[in-house]
Amino acid sequence: MDKYDLIVVGMGPSSIFLAYELIQKKRAKNVLLIEEGKPVEKRYCPVEKKGKCMKCKPFCNITSGFSGAGAFSDGKLSLYNKEDEDIYVGGNLHKYIGVEKTKELIDYADNVYLKFGADKHLEGTEYKEEVNKLKKKAQKEDINLIGIPIRHLGTEKSHEIYKKIQDYLEENNIEMMYETVVEDLIIENGKVVGVKIHKAGEEENKKELLSKRVVLAVGRKGADWLAHMCEKYKIKTEPGAVDIGVRYELKDEVMKEVNKYLYEGKFIRKTISI
Ligand SMILES: Cc1cc2nc3c(=O)[nH]c(=O)nc-3n(C[C@H](O)[C@H](O)[C@H](O)COP(=O)(O)OP(=O)(O)OC[C@H]3O[C@@H](n4cnc5c(N)ncnc54)[C@H](O)[C@@H]3O)c2cc1C
């Protein structure tokens, strides 16, 4: 039976960066990534031709495949302003490791994208003075206007970048198994020792893979499955916060200045605390 040092479930950005880091640290031996979807160059959604969702089986190419959930997005990397004391990206990371370390990690991740061909130009860095005026205006209404630099990859370019990263991982001996679903964990004496897999759409042909370590990086797509695994194997979990964003569509005359001076303006206002 196959025996790995590490099996990672999912091939979204979190797994990709894990594999990338292992390569940098020369610890990428005997590592297997398993993904339900296809390699990035084979991800195709029929909605472009058919005009509607065809509910593809056995998996959706939009949510599954190398590069994960955001593969068909506009590909924006929200960064930070050097002078800002607070940080508005990266979830709660700054609460665990501090703002400065978070900024260092954002630079590091951004540099990886640059290394693989992201455009050097940053959006949202002009008009500092005008943006500050708008921020002050917003503050008077108890609104925090967030204007941060954005590296805009674009959908096609991000596919190109992820293809280069995919090749890089392969060239550095990261094994990749596609169109394969991890359906269960193998637990012995309270420790994970492997995974049970089957080919996507072929649930009857099951196989077991052993590994010293298993990382589950299954994203939103695998969230229910992960919750089920944690419940089944009594793995302690902690509920995370859910941010709900509200999208307002307003006339240009209302948003004119924001649209002119900011590449992407985000407004944060605490409404009620529960
Ligand atoms: C429409 C959209 C637009 C976005 N735009 C941006 C953006 O512009 N910039 C940005 O930074 N972020 C963006 N995001 C967010 C970003 O995509 C996510 O934060 C990121 O993909 C999370 O990475 P992940 O590795 O945790 O999970 P995911 O990317 O979700 O990857 C998880 C992978 O695991 C696989 N998987 C799940 N369960 C199993 C299983 N049991 N067996 C095998 N494989 C499994 C899935 O198929 C999936 O490919 C966007 C997200 C969406 C949905």
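A: Helix H7 (residues 223–232) lies across E7 and E9, running at about 15 degrees to E7; helices (H or I, at least four residues) and strands (E, at least two) are DSSP runs, numbered from the N terminus, and angles run from 0 to 180 degrees between N-to-C directions, with axes fitted to C-alpha atoms, for helices over the stretch in contact. This is a predicted model, in which local features need pLDDT of at least 70 and side-chain atom pairs count only at pLDDT 80 or more, while totals for chains, interfaces and linings use all residues. Residues are numbered from 1 along each chain as its sequence is written, and side-chain values use heavy atoms, with hydrogens and water left out.

The sheet is open and has six strands in the order E6-E2-E1-E9-E8-E7, with mixed pairing, where two strands pair if DSSP finds at least two bridges between them. Strand E6 (175–177) and strand E7 (180–188) stand at the edges with a single partner strand each, so one side of each is left without a neighbour in the sheet. From one strand to the next, the twist averages 40 degrees.

Strand E1 (residues 3–9) runs parallel to E2, joined by four bridges, and Leu6 stands opposite Val31 in E2. E1 also pairs in the parallel sense with strand E9 (residues 206–216), over six bridges, and here Lys3 stands opposite Leu210. H1 packs on the sheet, touching E1, E2 and E9, contact meaning heavy atoms within 4.5 Å, and the direction of H1 makes about 145 degrees with that of E1.
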